[in-house]
Amino acid sequence: MVAEFNETSISVIEDIYFQQKSHYQSVGKTKASERIQKLKKFQGVILRYRKELQDAMWEDYRKPAAEVDLTEIYPVISEIKFALKHLKKWMKPKRVARPLTMVGSSSWIRYEPKGMSLIIAPWNYPMQLLFAPLVSAIAAGNTVMLKPSEFTSHTVVVMKRIIAEAFEEKEIAVIEGGVEVSTTLLTMKFSHIFFTGAPEIGKIVMAAASKHLSSVTLELGGKSPTIIDETADVKAIVPRIAWGKFINAGQICIAPDYVMVHESKKEAFVQSMIAQIIKHYGEDAINSPDYLRVISTKHFSRLKVYLENTLEQGGEVAYGGRMNEAENYIEPTLVIDPPLDSDVMKHEIFGPILPIISYKDKEDVIELINAKEKPLALYVYSRSKKNIKYFIENTTAGGTCINMSNVHVGNPNLPFGGVNNSGIGKSRGHYGFLEFTNERSVLHQKLPSAVQFMTPPYNEFKQKLIDLTIKYF
Ligand code: NAD
């Protein structure tokens, strides 16, 4: 029988919490070889559930099997493989140099797990955004309570089975539920909370974490701009932008949220985008098996209102705009020159609507971007080295691709994350491991310390030594 999504009761949550509390220290003492075994087992179980994951995500929001493979299973498997390859090195204590004044001592960094951790995930990549940080937490030697999003209930049921098959509850457990359950978890004392979701909820998480002074990683969102300058090769770049925007029906934290295109390229860009959308999803995307639905009625209504208001406020639809409320369907939609204070330019869109704004002077691009919160991602499409340098040096963002969209998240050698409103802390690969790790400083004094020559009572000789230290060391 297929299991159903059931909110985890408070008593079960407390039971799991106390099991993990009495177990986290022994998990923390595990060697690299033991953690590697756990990760290998996890990988095996995920791959066994590939079909169930594909079916569940189709049920949840019609995610095509190919995208489950490419954007959910593959990123987690590659995160595991990367950790398997590097874990021994990551865990190894690292010797560091010491200043001359500390002669007679040696220093190193010891990588200790933070301990009990909580991972709260959103619905847009329900498995990737729950399991990728989990890989880091396991690699670092933590126990973990996992709170996936209630909006992808079919996927949650499968993920719960995967976790139950791969781990004991006293080490890793899935907690089912929505805001109330999340709120309950946030009253508990964790050493680290890894949250992925909206900036507004990130503030709630950070406030809750402050009660216990838990450390946090906040992977948040916001408006990620795409800049297309006068030198860009429109034909070459449009497939990359259309893919980056409309995959997952635009429900991606790093999707191009809006485009700023040089006025000389605007017409060619819009026409190419229309042709590309039709190439990907046909004349009527509602019939395409490769085009997703918006996750819920709540998000469908939010997007509908944004679009309606923007059209009233002066924006113009160049393509798309059709909707089907019964299915939470919104066609890939291009909106030209919406007013800067319209809904689609004020709020993170997180859906298949792309505002396109034309510009003449590149200074205007900088002004518009820097007037908003710091973005999670910023994309520059250009063939001019000078322009690329200008756009990067005059803005900030969690991450940037030049002449590409979204894919920086896939390089495990790069830190992934935002800056301030778009996030705090970094994840993936070694950066993810460090997020769940306490880098403990250790200094071993082997010979008498120079400090001993400068202890009270002070006299003229000791003052001379202090003066020399300030001057020369
Ligand atoms: P959300 O913040 O509404 O929900 C995320 C999680 O928080 C869910 O598990 C939910 O149950 C829980 N939650 C919601 N409200 C809560 C509250 N008041 N108190 C405690 N917990 C609460 O986000 P979402 O709608 O699932 O996802 C969309 C947002 O996530 C967008 O802003 C997007 O940019 C962001 N996002 C960021 C990344 C990233 O890696 N930076 C990735 C995906 C999504």
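**View 1. The second largest cavity in this predicted model has a volume of about 50 Å³.** Its lining includes Gly-222, Ser-224, Lys-245, Gly-250, Ile-252 and Cys-253. Ala-255, Pro-256, Asp-257, Glu-348 and Phe-350 are also among the lining residues. By class, the lining of the second largest cavity divides into five nonpolar, three polar and three charged residues.

**View 2. The largest cavity has a volume of about 100 Å³.** The count of cavities of 30 Å³ or more comes to two. Of the 13 residues that line the largest cavity, Leu-129, Phe-194, Glu-219, Ser-427 and Arg-428 lie nearest its centre. Helix 5 (128-140) and strand 6 are the elements that give two or more residues to this lining, and helix 5 has the largest share, with four residues. The lining of the largest cavity has six nonpolar, four polar and three charged residues.

**View 3. The ligand takes up the space of the largest pocket.** Two or more residues of the shell around the ligand come from each of helix 7 (179-187), strand 6 (192-196) and helix 8 (199-212). Helix 7 gives the most, with four residues. There are 30 residues around the ligand, and Ala-121, Lys-147, Ser-182, Leu-220 and Glu-348 come nearest. The shell has 18 nonpolar, eight polar and four charged residues.

View 4. On its own the ligand has 840 Å² of accessible area, of which the protein covers 92%.

Methods. Residues are numbered from 1 along each chain as its sequence is written. This is a predicted model: local features need pLDDT of at least 70, side-chain atom pairs count only at pLDDT 80 or more; totals for chains, interfaces and linings use all residues. Side-chain values use heavy atoms; hydrogens and water are left out. A residue is near a molecule or strand if one of its heavy atoms lies within 4 Å of it. Accessible areas come from the Shrake-Rupley method with a 1.4 Å probe; for residues, only the protein chains shown count as cover. On a 1 Å grid over the protein atoms alone, a cavity is a set of points where a 1.4 Å probe fits but cannot get out, and a pocket is an open set with protein on both sides within 12 Å along at least five of seven lines; lining residues have an atom within 4 Å of a point. A molecule sits in a cavity or pocket if more than half of its atoms lie within 2 Å of its grid points. Ala, Val, Leu, Ile, Met, Phe, Trp, Tyr, Cys and Pro count as nonpolar, Asp, Glu, Lys and Arg as charged, and the others, Gly among them, as polar. Grid points are joined across faces, edges and corners, and a volume is the space filled by probe spheres set on the points.
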